[in-house]
Structures are given as C-alpha cells and as structure tokens.
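Here is a friendly briefing to keep beside the model as you look around. Please have the viewer open and follow the topics in turn.

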Amino acid sequence: MPLNFAFALSQQQTFELRCDYGSRRLDKAELAALIDLCEQNYYTQQKDYLPYLTQLGRQLYQWLDGKEGWLRRALDEADEQTILLDLIKTSEAQGLNPETERVALGLAHLPWELLHDGAGFLIERQNLSVLPVRSVQQRQTQVKSTLAARLCTRVEAQRPNFARVVLIGPLDEWGLLNKLSNKFERFAGVPALLNEPKISLKGRLQNFFEAIENIHKQPLLLVLDDFEQNIPTANIEDGSLRMTAEVYEILRAICGALAETGAESRLIVTCRYLKEDTLPPHRLHLESLAGMSSSDIDKICFFLDKEVRQQLKTQRIIHIADGNPRLLKWLLEVIQQPGIAADELLNRLEATEQKFREDILAQTLLDALEPEEQKFLARLSVFHLPVTVEIINAITATLLPLQKLISLSLVESASTQPTQPANYRVTTILEALLKPVLSDAEWQATRQQAVKKIYQVWWEESNQSCTDEQALEVLRLGLIAEEQEVAAKVSDIVATDWVNKSRFLEAVQLCQQVLAVFQDYRIFGTIARAEYFLGFVENAVVHYQQALNLCPDDDVTEKAGTLGNLAWVIAQQGDIERALFLYQQSLEMSERISDVRGKAITLHNMAGVIAEKGDIERALFLYQQTLELLESVGDFSNKSTTLNNIAKAIADLGDIERAVSLWHESLKISQSIGDVISQAEILTNLAYIAGKTGDKDRQLDLNLQALQLFVKIRAYRHLVTVITNLGEADESKGLIYFAQATWLCLNIQVPLPNTMTIFAHLYQALPQGNELQALLTTTTLFLCNQLDEDHPLFKELQILGGRMIIALAEAQGIDRQEANTAWFRQQRLNDPEYFLPRLNQRLEEIVGDRWLFDRSQVSMGE
C-alpha cells in the first residue's frame, strides 16, 4: 500500500493533515511562510542552488513528519514505497477568504519532489516514488485582470518604491487587515496598529499609513480587483449598482484614511459596473475602462468614416475587445490595413481566448510597420523602465516614428509630474515579437549605447542618488551589454548600501548575479561582508581572498579595506596573530595614501582584537585615536560602533556608570541613522550589565529586544550570541534556548570556538546519559577533525573533545576505549550521515513550537 497523506479544510477554514495514524491541525502562518520560502528560493531562481534545495527539502520533510514521526514510521512500515499526497480537497475548495485560498492553492505547488530526510533526497532512492495528486483546476491569486495589471505597471513605473497588495473579488475587513499585516509584518509594530481593539477601521488605517510612509518609507499600492463581485446581483439587474453595506464602510474607511493623512499611497479599484454616485467620499480618478459606453467607443472610432462606425455598433468588434481599450484600438488599426481579410481575422479572434488576442493583433500591427519604424521600436524595447527623449536620442538617429507608435499604443507615454518631460516605454508584450527585427550585433550595439546613456543621466548626473530600480536597470543592461566597469561600479555601491542597511540577503543575491557574468574584486569584497553577517564565514574568507588577488595594485584604498575586513573575520575564527599582521598591513596602506576614515576603521578593529587578548589599556588608547579621526570626517555610523566598544572596555575595567552612559549615547546615534545591527549589539551589552548588577528582568527584556532586531534583519550569527545569553540568564528555559543556539550552529557557519562553547552549555543542561550528549560529543569530534593541524585552536579543541568522550563513557558505564570504538559503531556515532540529521531532529523535538525565529528563513552557505 502507498503512504497516504491527505490535506483537508475544516468549516472554520483551518488546515488538517490526515493519514492512517491520525490527524493533526496545521499552522496556517507556518504554511504561508513555507510557500513564500519556496517562491523565493526555488520557483523564481534561474538555476538550482543545492544548499537552498536541501534546506527546503529538510523543511518539507520535518513539517510532514511532525512531532509524531508519521513519515518516518510510514517509510519503515510500508510495502510499497510510494508517497501519495492528496491535495485535491484543498486546491478545489470554494468560498475561502483570500489568505486561506492562497495557502490552499500554494500547498499543491510546494516542491514535494525535494523531500530530504537529512541523508539525502527521497526521490534519489531507487525504491521510492513521490506522487503528489494535484487538482487540474488553477486559480490566479495575484492581479487577475489585464486592466489591473496595466494600471499597477503604470503606477509602479512612476513610483517604484510602492509595495503592492492585491485583493480580488469579495472584500471584508478581516481579509483586508490580514493582507496588509502579512505584507508589512517585517516592520515591527505595524501589524499591531491594524489590530488596535478600540480604534475604528479608519483610525487604524490612518495610523498604518503614517507608519509605513513616515517611519518605514514604504508606501502602499492597494489594488481591489474584480470589485464587481461586491455588488449583489439584484443591484446589477435593477441598475442601482450599489455595493453591500459592509464593503461600502470598508471603502469609506480606506478613502478617508488616505485623504486625511495626505498619504502618498495609492488605491486602484477595477470594476465593470461602478457608478460614481454609489461611492463614498473619495479622491479616486474614475475611468470607465470596462463596459465602454457608446460615447467612449465614438472617441476611439472618431477617425473612422461613418460606415465603419456604424459597423462597430453591431457589437462584434466591441465583443472581441471585451472592454479592453488598447485591444479595441489595435483591432481598429488592423482591420484598416490593406490586404487584411477583416472577417477572417475577426473569426480567428473570436475563436481565441482573450489573453491571446493582443498577441495576434500586436504581430499584425508590427507587420504593417515600415522597417525603420520596427527598428526604432526594437531599439526602444531594450529599456525595461520608461525613458525620456534625451535617452532615446542616444540609441536612434530620428524620433519621427515615436508619435505614430504612441498612437498605435505600441509605445506607452506617461509623466510623473506635469512639469516634467514625458517618459516612453515599449509595451511589454512586444518584447518576444521584436527579437527578429535586429541582428545580434545590432541588439548588442543598442544595449551598449543605452547603458552608457542611462548611466550618465541616472547615475553620474544625479551623483549616484537615483532610485534602486533605476540603478538595477543600469546593472541589468550593463551585464547584458558586457559593460563590466559600469556594472561593477553600480552593483558595488548598491550592494554596499544594502549591507549598511542590513539587507544582507538582497546584497548577496545582487553580487551573485554579477559574479555569474564576470569576476570583480569589488563585488567579491562586498559579497564577503554580507556573507559574514549571514553566518557564511568560510565563504567570506574565500571571497575576501579572491578580492585581494584580483585587486589592482593602484587601488590602495580598496586593498587596505579588504585586508582589514579579512583580518576581522580571521580574528573571529581565533587566529589573532594573523589578524593583527593583516591589520598592520592595512594600516600602513591607509597612512600611505592619507585615508583618514580607512585608518580609523583599522585602528578600531585592531583595538577590538587587542581588547580580546586582555590588554584593555592599549585597546582604549587605540579606540580614542579612532574616535578623534572619525569625528574629524563626520563618520557617525562608525562613531557609534566605536563608542559601543569603548563602553565595553570601560565596563571591563569596572566603571559601569560611565560605560552605560556611553552605550546610551551610542544607541541614540545608531537609532538616528537606522543602524539596526549596532542598536541590537548595544542592547545586548546593556543586557549583560543588567545581569551583572542583578537586574534579571531588565536583562531578559533587553536581550529579547536585541533578539527581535537580529531576527528582523536575519543576522543569525549575532542571534546565536543573544540566544545563548538568554539561556545563561534564564535557567528555567536554558535547555530550550541552548538547543536553538546549537541548531543555528549546525545550520549556519559559526566560528568553531563559539560553537564548542554552545555545545558545552547544552551538554551540561541535559540529564546525565541523555542520547543528545552522545550526539554532541561525536559532532564535536567531527567538527574538530575538519581543522588543519596547524590551526591555532586545533590542540585546544581536541582536548575538549577528549574530555567530552571521557564524560560520556562514565555516564554510559563503559571504558573510554570502548566508547571510542565498538560502542560508537553500534550507536552509529561514527557515521555523520546518521548523527548530524539525528542531532538536528532531537534539537527540534526539544524546542517544539517555542522557536524564537523562523527556521525556514535560515540557510547554509556553500
């Protein structure tokens, strides 16, 4: 018999997993997070990335297996090694609220073929098949109508910083608030504003818009698509077109909140039957684009002779256009082209689905253009963002075809402000159709001209202050056009800015995109910085070394900075002497070229290493030099970090009061410049002092504040430290905290000395003789054996592993030699393919549902 797992929905719209062993309720938020993770790391990737696939497979396996171990049990007991995943009930369910529907449909599209038990992908087993049963019905859960999609594209092209939230069809307050909360949950406190119990919906939305725009700089593009579904059938039939009372109040609250806050955010409503007198007070710009009236049709058809206009009133062409103004315009242009068999074309279009009709007409229109007009259109299509005439002039010798192409709706024209020049962009659906128009050499020459011009206008003339979207467009074209220097400069500055803003994952992905095309020392250095913060320490070392190898001798500033960054990472790994040697090289370079800021950063980092060695007085001397240099160049970000470390050193000398004062000064600077990592590190230090002075409640509160900040920006290496601190501070939950810190050590790259310290904490927190102690011991030995014998910590860590072996042997009542040989083999503790997944599993069982972070967001670097 196959292994049957069925997904079902209750009447309360909660999810259940059912099998022969029983049923259990599923966490909808966890399901949504899993679906989002797959969208980010699987379906949207241009190539497979094995660590991401393994992580996804482990997450799917653990989630399906559950605490009860159903999947493992079924695999052990089943005669027929087939996994049957019955997803029909959830994927075909009707009448769901938007969030439940999204999860129900997403379940069917999770990559079940990636199931991974820790030893390997199940699909690789010769005796196993994975057979998900999926519904053939598919529904769209994003922007549904072509009209809404076009409106969104238009708005977002002008305002690329908008966050889009789409609700399709029936509208209710819960669905609206849930969508908004999910979209903005990364901003602490925003979901809470939407759920204040004693404030009206309008008041909550006002607070919401003020927070996302004024504090988080993330305005909203809210789309209510297919809004006609909120109008009862009776009100359509009698012509009143009134929406339901509940929906009217929701729309009134949205419009009122937007108006009274003067928000930048925008609302788009698409509806076939909406009338202005049925709307609440609003500032919407009404366009009757669906269900066109005769006057609307007359405007479009004005240039035609009377006979043709009369023919249109037979409704045949209008029916084919189906309320799409551009489709109607194109159709009118096409049927007038000489040599076109109009009736034959109309028959063909009537037999074609709506979504394909524009392709047919677009090709017909292109075929009717003159060759030079086609080439003009093709050259303009290399831009994915709207551009001005000044930019267009750089890629074409004449602008004569432009107005004709606009009139045919082949080129879209818009302006962000009435006083600004218009921007032009080729209609998206033409991209594939235009490919044969130019030769490969012509396409490449056009791209090179295009990227040089937008680099000049958007990047150089704005002093690098263009929008992220414009910078990424320069990068995109630079990579395709093989303009390496342009692409490297832009990507380095953008990625560095993202790292400074704690957008580490985005920075890594951007750098990977560039390095897939060419290797550049600046990009290697930037990706290394981001990788270090994400916990990919070994990757960071490799990439810093590659940056040094490729760095030109005359770029002394970059080389000095890279040496300093590499030294910092190596110091964290425990090789202090090598780190100080690299710092000294970096310092000499900075002094040689009078780089004040570079010298200050190097002195600061040297001071940190020297403080770790115990020479606090010398460290303070270097920190004071650093502070003076930073103040001379107005570098507040690094000043905050230096004050933080001076406070730590002073605290070590016993002057707690002065140290706390400096920490608060540093915290204010960090908050003013949005440096989240520094804020969290300072809170961690203040928590340590609170614990030393006996204020356990404040220690716990400050550590939890720091934890929330590190989780928010996914700074998992720092998170390990905070969770360990929590375990030391709260003995009642120590086992749960240490288990989570250990889990992180196994799933990201944490320096080995830190990992061993955390293993020791967990080992001591466990009952004597617990299986997990054996797993920790053998994992310690395994990790130590990965070191080179000349590593400065090799002997120390070997001794630690030996002590753990002795303790383990005593707990098991066996001699040390037996623990090292026969007993180890019997327990499979000599097999990393067994003990590493088993350790992960046992840690997850200890923590249960008390995780402080989302494990699905954690991934190991290569």
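Leaving aside neighbours within four places in sequence, Ile 656 is in contact (heavy atoms within 4.5 Å) with Ala 651 and Ile 689. This is a predicted model, in which local features need pLDDT of at least 70, side-chain atom pairs count only at pLDDT 80 or more, and totals for chains, interfaces and linings use all residues. Residues are numbered from 1 along each chain as its sequence is written, and side-chain values use heavy atoms, with hydrogens and water left out.

**Ile 656**
- Ile 656 sits in helix H32 (residues 656-673); helices are DSSP runs of H or I with at least four residues, strands are runs of E with at least two, and both are numbered from the N terminus.
- Its relative accessibility of 30% makes Ile 656 partly exposed (buried is under 20% relative accessible area, exposed over 50%, partly exposed in between, with a 1.4 Å probe and protein chains only).
- Ile 689 is 33 residues away from Ile 656 in sequence, with 7.7 Å from C-alpha to C-alpha.

**Thr 270**
- Thr 270 belongs to the loop between strand S8 (266-269) and helix H12 (294-300).
- With 5% relative accessibility, Thr 270 counts as buried.

**Helix H37**
- Leu 752, Thr 755, Met 756, Ile 758, Phe 759, Leu 762 and Tyr 763 are buried in H37.
- Down the axis of H37, these buried residues fall within an arc of 165 degrees, so they line one face of the helix; the arc is that of the directions from the helix axis to the C-beta atoms.
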